[in-house]
Amino acid sequence: MKETAYLLQAALVLAWWIGLSVSERFFAAFQFDQIPPVAFWSFLAPDVLLVGVLSVVRAYRRAPAIEWCTLGAFAYATLYCANAAVLTRSGGLPTSLMAMGLAYNAFLCWDKALFRNATSGTAANACKTLVQIVCIWFLALAVIPWLLLDAFPPAPGPRSIVWTAASVGLFAAASALGLASSFFFVRDGAGTPLPLDQSNALVVTGPYRCVRNPMAIAGIAQGLAVGMYWRSAPIVVYALLGAVLWHVVVRPVEERDMERRFGAAYLAYRRRVACWIPTLRRPKQLIP
């Protein structure tokens, strides 16, 4: 899992620098006011070496020291961008990008320590889940899309009523799916969706009877709906990239933990219910 995650990171770093090199609009989207472009290009060699090259090396050699070096590189870049953003009152997009890279590498370094069972009651779990939903939706569906719209304004022109209705309908359906999944997760799983406060029981009810990861599907569909509504290709790419990262990086870790905790019951469930495509003709009994 980690091997693929680090190779993907190296590819994204390379693609990002290529985009900066070939597109003035792309380059301008990641600049800070009052900081000259030469200061930005001074990070090319450190970024390629400490993130790109080390990520490739880590993909083919298991070495915790390399993981920590890569994490440290992202930590430095995040602090630099945050400080530059405060001083120049600009650069929200590059600062957010570095922060997400930092979180990504922190997950890779501490993936085994992130999964803990919830110890609270149903009411407390419901409250914590509601807070999680509000925070995650605000960041993923409002803050980041706003930054992308500010950096890459969509083409002017009137919106089609049909297109608007389709995007709003998709967002509403995806949100309902996410909320329903959270409800069954709390009620039948005795936990919350966060790994640090996860379920104590295998959830196979509600949307989980048809597909293994309805929350991921809901979140991706919400992102696509936001991109559709604003007619923003960068937001659509952001949602699709999130789907790839979740499938390649997060899903294997979650499935490994589920297999460890629930054993044969989870293996049987995984065989019978697909990860992405809903199983409409499902068996009545999912747990042996």
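Modeller: Lys2 and Asp111 are both buried, where buried means under 20% relative accessible area, exposed over 50%, and partly exposed in between (1.4 Å probe, protein chains only). Please note that this is a predicted model: local features need pLDDT of at least 70, side-chain atom pairs count only at pLDDT 80 or more, and totals for chains, interfaces and linings use all residues. Residues are numbered from 1 along each chain as its sequence is written, and side-chain values use heavy atoms, with hydrogens and water left out.

Biologist: How do the side chains of Lys2 and Asp111 meet?

Modeller: They meet in a salt bridge, at 3.7 Å from N to O. A salt bridge here is a side-chain nitrogen of Lys or Arg within 4 Å of a carboxyl oxygen of Asp or Glu. The pair links distant parts of the chain, 109 residues apart: Lys2 is in helix H1, and Asp111 is in the loop between H6 and H7. Helices (H or I, at least four residues) and strands (E, at least two) are DSSP runs, numbered from the N terminus.

Biologist: Which salt bridge do the side chains of Asp111 and Arg256 make, and at what N to O distance?

Modeller: Asp111 and Arg256 meet in a salt bridge at 3.0 Å, N to O. Arg256 is in helix H10, 145 residues from Asp111. Asp111 counts as buried because its relative accessibility is 4%, whereas Arg256, at 40%, counts as partly exposed.

Biologist: And where do Lys128 and Asp197 lie?

Modeller: Lys128 forms a salt bridge with Asp197, with the closest N and O atoms 2.6 Å apart. Lys128 lies in helix H7 and Asp197 in the loop between helix H8 (161–189) and H9, so the pair ties together parts that are 69 residues apart in sequence. Lys128 is partly exposed, with a relative accessible area of 29%, and Asp197 is buried at 15%.

Biologist: Which residues do salt bridges that share partners join into one network?

Modeller: That network is made up of Lys2, Arg58, Glu67, Asp111 and Arg256. The structure holds twelve salt bridges.

Biologist: What is Phe152 in contact with, leaving aside its neighbours within four places in sequence?

Modeller: Phe152 is in contact (heavy atoms within 4.5 Å) with Arg25, Phe26, Ala29, Phe30, Leu93 and Pro234.

Biologist: Turning to the cysteines: how many disulfides does a search of the whole structure find?

Modeller: The search finds zero, taking a disulfide as a pair of cysteine sulfur atoms within 2.5 Å. For Cys135, the nearest cysteine sulfur is that of Cys127, 13 Å away.

Biologist: One more topic, the backbone. What is the phi of Arg89, and where is its place?

Modeller: Arg89 has a positive phi of about 55° although it is not a glycine, and its place is in the loop between H5 and H6. Arg89 is exposed, with a relative accessible area of 78%. Arg231 also has a positive phi of about 55° without being a glycine. Arg231 lies in the loop between helix H9 (214–230) and helix H10 (233–272), and is partly exposed at 36%.
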